Amino acid sequence: MHQLITNLKLFWQGAALSYVALFSWLRPTTFLASMIIFPLGQILFFTLLGIFATGRDSASFYLIGNAMQITASAGIFGVTMAIGGERWAGTLMYLFGAPANRLTIFAGRATIHIFNGVVQVLMGLAWGLVLGWVSFAHTDPLALGITILIATFSTAALGLLLGCLGLVTLNIMFINNLVYFLLLLFSGANLPITALPQWMQYISWSLPLTRGIAAARFIVDGASLAEVAPLLVGEFFIGVGYLVAGYVLFRIFEIEAKRRGTLEAF
Amino acid sequence: MFCSDEFIRPPRGTIEAMSFIARYYAPSIFMRCGCDAKRRMANFLMNNAIQVTNLRRVYKSYVGVFRRKLKEVEAVKGISFEVAAGELFGILGPNGAGKTTTVKMLTTLLLPTSGTATILGHDVVRDVSALRPRIGFIFGGERGLYWRLSGMDNLKYFSSLYQIDPAVQAKRIPYLLELVGLKERANEKVEGYSRGMKQRLHIARTLLNDPEVMFLDEPSIGLDPVAARDIRRVVRDLRDEKKTILLTTHYMFEADELCKRIAVINKGEIVALDTPANLKRVVQDLSVVELEVKMFTPDALERLKGLPFVDAVTVQEREQNSLVIVQSPRGAEAVSELLAQLNGATVQKVTVREPTLEDAYVRLVEGMDETKKEGAGSK
């Protein structure tokens, strides 16, 4: 038991300090803006555009979709910086030379960003409530909370995979932006998945968020946790898939760097 | 290669003979067996913390876009040496000599192309997980710390990477901060630290896991004299605590002051391995003439090198002038002929002095280069 508590303390210490260390644009004002203003901006833009295109009745569709999609901001940009930032800090050699469990390091980097992502989604939904574009009268808050958590986890797992690319490329911000906007298109945040061509639908269902957004819409409309369980299980395993892929890539990069002598080139 | 005769002196008396057999023959039998446990036993018998045998590393890269051509650089060419437990061993060499590549291989960060290396009996390729908690390392320069964190938080974070119990951290981190003289500024962000402070924090980081073997790769590089002196003080304290330390540097006085033995490495090969005192004997037949010259030209350098009694010439560029260091067996007698080669230049000061380790180093490194040139020329 003592060992478990010690390990949990060490995990939390590593997660918290790496968050502060590597989320390098984190200043109080920037942080608050990313938590409050950024969700408002995205929601205003897409919901107003949706209302203009399809009418006032579809406001909640756009609001929920975009509030959920905002988690990609923390999940992709934040997590990518938490992994790829090692390259800029010049700490990769010390990280790879340490005996720490690689999966612990890897997963630890996403922990606080998942929390950030949840806060951003809640902020987005709160803005929707304030603006009168959504009602939670029939919503099971626990089911919605679990849905947000799972969707945020799966998005952060995609961020971990992209973060590994950040270890070997200088253009990770380009890739991040591209993925963020692809999620806007493919996740169903702004277009019903069924409205997409068939081949695009395959892409949609292979990405995180798609099932999470669909589940969130059902729950806000009054569905129970059991009713959306298949969507949430799918979302969770999509996240696990990206997490495993990211971890494998992380290990491959580590081993290849040792073999080819490119650690300092990262 | 130069070797101290201390290691090949025949044993005297029965006990010493038995000890000799245990130290020299038993290890070699165990070594030949090849298995890890026996290799560890061999190193234990020899009391070696570091054992490097024919270590070699080749970097491969491709040049060109369409017609990609494989380029191979042999950074380390089959070097062998051993470091006894508690010894401070130096590796001296110019930039690109293979010092950092060697350290990277020994710290499990780079795979050797061939050869073996064991640290505390653990193979650096196969026993990585057992080895890493027992060693510590730093690479010179400012990078490798989290600048947005305080010195204290940096140490806490690296402690978590080394799985150090928080209760142990609470005692060890303040102690280490005091050891490296950063106690007063422990809670300030590293981005505000001077280069010397960052380097001292690196040393504290290296000591977090109380390593038995430490690798310090050019720890004082780029530091001002005061900061470099502070680093040497810390290294000296660690040496006195009987830590096994492998120190790479290209500052001769640093190696001379700190190291028990020194390997001089050049172009991936060890050209000499001995105590500082014995290495200096390489130049005991020479004197050194230092000339402070204004307007020193490459032509004058070539003329000096061409003199038959000149062994080696190095030039250090300074703000106001050039310091020309000439090694010659003729010492003061050579001064007038040296000055004659500097026509047109203004000689501000001439000093004749005894050779130092730096002069030995220059002779060893330049001597190797000259030998290679002659070898290539005769082909």
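These entries record what I looked up in a predicted model.

**Entry: strand E6 of chain B.** I examined strand E6 (residues 135-139) of chain B and found that 5 of its 5 residues are buried, so the strand is largely enclosed by the rest of the structure. Ile135(B), Phe137(B) and Phe139(B) point one way, whereas Gly136(B) and Ile138(B) point the other way. I then looked for the neighbour of E6(B): 5 bridges join it in parallel to strand E7 (residues 213-217) of chain B. Within E7(B), Val213(B) is the bridge partner of Ile135(B).

**Entry: an open sheet in chain B.** I noted an open, antiparallel sheet of 4 strands, in the order E12-E13-E11-E14. E12 (312-317) and E14 (346-353) stand at the edges with a single partner strand each, so one side of each has no neighbour in the sheet. Neighbouring strands are turned by 20 degrees against each other on average, direction ignored. E12(B) pairs with E13 (residues 322-328) over 6 bridges, and Ala312(B) stands opposite Gln327(B).

**Entry: aromatic rings.** I searched the whole structure and found 18 aromatic pairs over all chains. Phe45(A) and Phe46(A) form an edge-to-face pair, 4.9 Å centre to centre, with 85 degrees between the planes. Which of these two is exposed, and which is buried? Phe45(A) counts as exposed because its relative accessibility is 51%, over the 50% limit; Phe46(A), at 18%, is buried because buried means under 20%. I also recorded one aromatic cluster, formed by Phe38(A), Phe77(A), Tyr180(A) and Phe181(A).

**Entry: arginines over rings.** I found Arg217(A) over the face of Phe61(A), at 3.5 Å from the ring centre. In chain B, Arg330(B) lies over the face of Phe309(B), at 4.3 Å from the ring centre.

Note on methods
Residues are numbered from 1 along each chain as its sequence is written. Chains are lettered from A and ligands numbered from 1 in the order in which they are written. This is a predicted model: local features need pLDDT of at least 70, side-chain atom pairs count only at pLDDT 80 or more; totals for chains, interfaces and linings use all residues. Side-chain values use heavy atoms; hydrogens and water are left out. Buried means under 20% relative accessible area, exposed over 50%, partly exposed in between (1.4 Å probe, protein chains only). Helices (H or I, at least four residues) and strands (E, at least two) are DSSP runs, numbered from the N terminus. Two strands pair if DSSP finds at least two bridges between them. Axes are lines fitted to C-alpha atoms, for helices over the stretch in contact, and angles run from 0 to 180 degrees between N-to-C directions. Rings of Phe, Tyr and Trp (its six-membered ring) pair if their centres lie within 6.5 Å; planes under 30 degrees apart count as stacked, over 60 as edge-to-face and the rest as tilted. A charge sits over a ring if NZ of Lys or CZ of Arg is within 6 Å of the ring centre and within 35 degrees of the ring normal.
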